[in-house]
Amino acid sequence: MAEALFERAKEIIGKNDLGTYTVPTHGLYPFQWNWDSCLTAIGLAHYDEERAWTEIETLFAHQWDDGMVPHIVFHKEDEGYFPGPDVWATGQPIPTSGITQPPVAGFAVRRLYERARDPARALVRLRALLPKIHAWHEWFYRCRDPQATGLVAVIHPWETGRDNSIDWDEAFDRVPTEGVLPFTRRDTQHANPDHRPTQAQYERYIWLIQLFRSLNWDNSQLHDNSPFRVVDPGFNAILLRSCADLAALAEEVGETEIASAARARIATGIDALETLWSEEFGQYLCLDRVTGDLIESASVAGLLAVFADIPDSRCRAVAGRIAWLKEHAAYLVPSHDPTDPRFDGARYWRGPSWLIVNYMIADGLRQKGLDRTADKIVQDSISLIEQSGFAEYYDPISGAPCGGTSFTWTAAMVIEFLALESR
Ligand code: GLC
């Protein structure tokens, strides 16, 4: 069974492999996506190490001069996606979007380097990537934390990778829709509209892009001018984990300046994460940086915080919360609390379980010795695949496949789960 799943996963990645990068899935997402590529590289490395490094190198070849790594690289034209390069108009030599995504590259590169079967070759590639990843991290603190709070904000829901989470609802209501140019969505032609964001949400996504474009994508302006500024605990945990992994790698190869800069970020960031803890919800919450209030929405972002080196007591509380979720959802980890009336088990990030998130939460729990909870998450992830195939995401109550099919990062996670299981 495991071997058949592994072969099927390889086949899916192969189908979505365009040589130097993968697309998340043909049709729905026909370009290179940032965190998809980094997480996919981890799966790829199990059978093609060279190709795994290339996946990340291709992404970083499109890093902006200011250090940002964009969320989409539009390598080739494709009419089937909206919003395409002409809407973003970022003026990059190869068109890219103008916002970023969860910075998981530092974590992925450490995985690749430490498991390398060709260490000499891996060292060369690591040395080239280290300063680029560091520049991206520093970009975050400079441009997305101008008040030096230790936590970075996102300025567009797409940056979080959790596009239509319930977390954004209130803050997103402040984003106007007047002046949005008419458009035709393409996502609903490739996937069931009931699984996708609503039209009102789409208009706001586009309004923000139009605003940033009017500011010439100048990152010294965007944060303060955006009506949407949210601090996401999961996103910050990914950044802090990547800083920690980068610091460890930098120490190993003698890049002491990078190492100490990254370590300083971690010390401040881990302390600052504590301000997002909610005793009432028993988990971390997002913070609306415009109003200064915690957002009352129990999403998976508050559990993903375990991916960073947070205090043991907080990790145990998160594990308890996951055990509680298991009583309300057959398949861990629902992206939102199923007892919340706003929960929707089929609609994208408003309830469904996603394997990439499962992977990062399980990894964080294991770091703290919480293996039993991690095992449950992995078992549920494999059951979902066996039952429903390589979907984009899954209904956590019924296990039904949702969104796109033949999904690259889902396949990559399956390979990684199987490899970790067989150890
Ligand atoms: C959706 C997801 C995002 C992902 C992208 C490509 O926008 O919300 O996390 O990176 O699709 O798979």
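What is the volume of the largest pocket? In this predicted model, the largest pocket comes to about 320 Å³. Its lining is made up of 17 residues, with Arg 110, Arg 241, Ala 244, Asp 245 and Gln 367 lying nearest the centre. Four helices each bring at least two residues to the lining of the largest pocket: H5 (105-114), H12 (233-252), H13 (256-273) and H16 (355-367). Sorted by class, that lining holds 8 nonpolar, 2 polar and 7 charged residues.

Next comes the second largest pocket, with a volume of about 200 Å³. Its lining includes Lys 76, Glu 77, Asp 78 and Glu 79, along with Tyr 81, Phe 82 and Arg 186.

Around the ligand are Pro 24, Tyr 29, Trp 33, Trp 35, Asp 36, Gln 101, Gly 161, Asp 163, Tyr 348, Trp 349, Phe 407 and Trp 409. As for class, this shell counts 8 nonpolar, 2 polar and 2 charged residues.

Tyr 29 places a polar side-chain atom 3.3 Å from a ligand oxygen, and an N or O atom in the side chain of Trp 35 is 3.1 Å from a ligand oxygen. On its own the ligand would expose 310 Å², and the protein buries 97% of that.

Methods: Residues numbered from 1 in each chain as written. Predicted model: local features only at pLDDT ≥ 70, side-chain atom pairs only at ≥ 80, totals over all residues. Heavy atoms only, no water. Near = heavy atom within 4 Å. Polar contact = N/O pair within 3.5 Å; in protein donor to acceptor, adjacent residues only side chain to side chain. Areas by Shrake-Rupley, 256 points an atom, 1.4 Å probe, with all protein chains shown as cover. Nonpolar A, V, L, I, M, F, W, Y, C, P; charged D, E, K, R; others polar. 1 Å grid on protein atoms, 1.4 Å probe; cavity = no way out; pocket = protein on both sides within 12 Å on 5 of 7 lines; lining within 4 Å. Points joined across faces, edges and corners; volume = space filled by probe spheres on them.
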